[in-house]
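Me: I would like to go through a structure feature by feature and learn how to read each one. Please start with the strands.

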Amino acid sequence: MEEDVKITIIDREGVAHEVDAPTDMNMNLMEIVRSYELAPEGTVGICGGMAMCASCQCYVLSDTPLTEMQDDEEAMLAEAFHVEDNSRLGCQIPITKDLEGLKVQLAPEE
Ligand code: FES
């Protein structure tokens with residue numbers, strides 16, 4: 001569908017998945033990971049997308065322009081484990097057309 005963008009998500013086993021993410025369903029990256037079941041049930045999106053658990057942390061591998069980090073995301077990442085310079089919370093990344101070609105890797109489980 002033309003409302004979809006192609007996103008590559010590398011799972012926690014190191015396997016890359018190219019998935020179609022809809023831009024017209026008000027979804028975020030964490031929800032895409034869950035809907036394609038790229039991580040075991042209950043290990044991603046624990047707080048339901050409130051920037052309060054970091055289970056949706058991922059590393060951004062492409063130079064795709066993303067929405068600015070808000071204070072709550074920054075605060076959560078300041079406390080999380082395995083944080084790198086390119087860490088983001090998937091639940092704080094809305095799926096938009098700008099994400100075409102985005103490549104991310106799921107951070108290890110805490
Ligand atoms: S789902 Fe909890 S911080 Fe993203």
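Reply: In this predicted model, S1 and S5 run parallel and are joined by three bridges. Within that pairing, Thr8 has Lys103 as its bridge partner in S5.

Me: Which strand does S5 join in an antiparallel way, and by how many bridges?

Reply: S3 and S5 run antiparallel, with three bridges between them. One of the residue pairs to look at is Val60 and Val104, where Val104 is the bridge partner in S5.

Me: How do I read the side chains along a strand such as S5, and which of them are buried?

Reply: The general idea is that in a regular strand the side chains alternate between the two faces of the sheet. Strand S5 covers residues 103-106 and its side chains do alternate.

Me: Next, salt bridges. How many does a search of the whole structure find?

Reply: The cut-off to keep in mind is a side-chain nitrogen of Lys or Arg within 4 Å of a carboxyl oxygen of Asp or Glu. With that rule, the search of the whole structure gives two salt bridges. In one of them Lys6 pairs with Asp20, and the closest N and O atoms are 2.6 Å apart. This pair links distant parts of the chain, since Lys6 sits in strand S1 (residues 4-10) and Asp20 in strand S2 (residues 16-22), 14 residues apart.

Me: Why does Lys6 count as partly exposed, and why does Asp20?

Reply: Partly exposed is the range between under 20% (buried) and over 50% (exposed) relative accessible area. Lys6 counts as partly exposed because its relative accessibility is 35%. Asp20 is at 31% relative accessibility, so Asp20 also counts as partly exposed.

Me: With which residue does Glu73 form a salt bridge, and is Glu73 buried or exposed?

Reply: Glu73 forms a salt bridge with Arg88, and their closest N and O atoms are 2.7 Å apart. Here too the pair links distant parts of the chain: Glu73 belongs to helix H2 (residues 71-79) and Arg88 to strand S4 (residues 87-89), 15 residues apart. Both Glu73 and Arg88 are buried.

Me: What about enclosed space? How many cavities of 30 Å³ or more are there?

Reply: The count is one cavity of 30 Å³ or more. The largest cavity holds about 40 Å³ of space. Its lining is made up of Met30, Val33, Val44, Ser55, Cys56, Gln57, Cys58, Gly90 and Leu106. Helix H1 (29-35) and strand S3 (57-60) are the elements that give two or more residues to this lining. By type, the lining residues divide into six nonpolar, three polar and no charged.

Me: Gln57 is in that lining. Where is Gln57 found, and what is Gln57 in contact with?

Reply: Gln57 is found in strand S3. Gln57 counts as buried because its relative accessibility is 2%. Leaving aside neighbours within four places in sequence, the contacts of Gln57 include Leu77, Ala80, Phe81, Arg88 and Leu106.

Me: Where does Ala80 lie, and what does Ala80 contact?

Reply: Ala80 lies in the loop between H2 and S4. At 15% relative accessibility, Ala80 counts as buried. Apart from neighbours within four places in sequence, Ala80 is in contact with Ala54, Gln57 and Glu110.

Methods. Residues numbered from 1 in each chain as written. Predicted model: local features only at pLDDT ≥ 70, side-chain atom pairs only at ≥ 80, totals over all residues. Heavy atoms only, no water. Helix = DSSP H or I, 4+ residues; strand = E, 2+ residues; numbered from the N terminus. Buried < 20%, exposed > 50% of the residue type's maximum accessible area, 1.4 Å probe, protein only. 1 Å grid on protein atoms, 1.4 Å probe; cavity = no way out; pocket = protein on both sides within 12 Å on 5 of 7 lines; lining within 4 Å. Points joined across faces, edges and corners; volume = space filled by probe spheres on them. Nonpolar A, V, L, I, M, F, W, Y, C, P; charged D, E, K, R; others polar. Contact = heavy atoms within 4.5 Å. Pairing = 2+ DSSP bridges.
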